[in-house]
Amino acid sequence: MKVIIALCVLFVGAYCAPVSDDGWTLFKRTYGKQYNSVEEEANRRTVWEANLAKIHNHNLEADLGLHTYTLGMNRFGDMTHEEFKKQMNGFKMSTRTDTSEFDHHTFLAPSNVALPDAVDWRTKGYVTPIKDQGQCGSCWAFSATGSLEGQHFAKTQKLVSLSEQNLVDCSGKFGNLGCDGGLMDQAFEYIKANKGIDTEKSYPYEAVDDTCRFKKQNVGATDT
């Protein structure tokens, strides 16, 4: 009983411990946070404090062996979970009714192949360094480029970072909405019709909707 009471005290203390102004100031300075009014900053600080308490409580539970991972603060710490999902999840489910070309395909696992328990494609050269979509709902574009980068490497043994901004700016006619969301399938359709996608180096990411600046001479991969 004493152990249970002690744990309860620890959890309550972790959640209710006051947060100093220094901690909030450090968060704002670290991530370049600026707010339009005193009221907005007060609201954001309230959200940040709640997220900080959640992190502390989770990590306390992790120390007790209840979780296999720990949490930490990042630049999204002043956003609610719903706000984060709305901003970062730009996946748009297709509204097409004609899906006949996909209806009759079934994956059959090979019967005479010994598969490993796990594969780390990073160590095999298939994966480019970590990218950041920023405050733009372009996750669909990153999903498409990541997939194509790996397939391009499998075919050519050359790892080329491809341009998400190219997809954000240029694939609207295929149903994508730039920073307001899109679909990987439609990104691939654009790349196929366009006969390629530019490299990241030639068409760097901006995290905003802009005019299409695709240049054929800068194509880094194709989709056939």
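Glutamate 49 is partly exposed in this predicted model, with a relative accessible area of 28%, and its side chain takes part in a salt bridge with arginine 45, where the closest N and O atoms are 2.9 Å apart. Arginine 45, by contrast, is buried, its relative accessible area being 18%, a value that falls under the 20% cut-off for burial. Because the two residues stand four apart in helix 3, about one helical turn separates arginine 45 from glutamate 49. In general, side chains of opposite charge can pair when their charged atoms come close.

The structure holds 14 salt bridges, and three of them are set out below with their N to O distances.

| Pair | N to O distance |
|---|---|
| Arginine 45 and glutamate 49 | 2.9 Å |
| Aspartate 78 and lysine 33 | 3.2 Å |
| Aspartate 169 and arginine 213 | 2.9 Å |

The side chains of aspartate 78 and lysine 33 meet in a salt bridge that links distant parts of the chain, since aspartate 78 sits in the loop between helix 3 (38–63) and helix 4 (81–88), while lysine 33 sits in the loop between helix 2 (21–31) and helix 3, 45 residues apart. Both aspartate 78 and lysine 33 are buried.

A further salt bridge joins the side chains of aspartate 169 and arginine 213. Aspartate 169 belongs to helix 7 and arginine 213 to the loop between strand 1 and strand 2, so this pair ties together parts that lie 44 residues apart in sequence. Aspartate 169 counts as buried at 12% relative accessibility, whereas arginine 213 is partly exposed, with a relative accessible area of 33%. Elsewhere, salt bridges that share partners connect Lys131, Glu149, Glu164 and Glu200 in one network.

Glu149 of this network is also listed among the buried residues of helix 6, which are Trp140, Ala141, Phe142, Ala144, Thr145, Leu148, Glu149, Gly150, His152 and Phe153. These buried residues pack against helix 7 (164–170) and helix 8 (184–194), and also against strand 1 (197–198) and strand 2 (219–221). Helix 6 itself covers residues 139–156, and at 1.5 Å a residue its 18 residues should span 26 Å, which agrees with the 26 Å between its end C-alpha atoms. Just after helix 6, glutamine 157 adopts a positive phi of about 65°.

Notes. Residues are numbered from 1 along each chain as its sequence is written. This is a predicted model: local features need pLDDT of at least 70, side-chain atom pairs count only at pLDDT 80 or more; totals for chains, interfaces and linings use all residues. Side-chain values use heavy atoms; hydrogens and water are left out. The expected span of a helix is 1.5 Å times one less than its number of residues. Buried means under 20% relative accessible area, exposed over 50%, partly exposed in between (1.4 Å probe, protein chains only). Contact means heavy atoms within 4.5 Å. A salt bridge is a side-chain nitrogen of Lys or Arg within 4 Å of a carboxyl oxygen of Asp or Glu.
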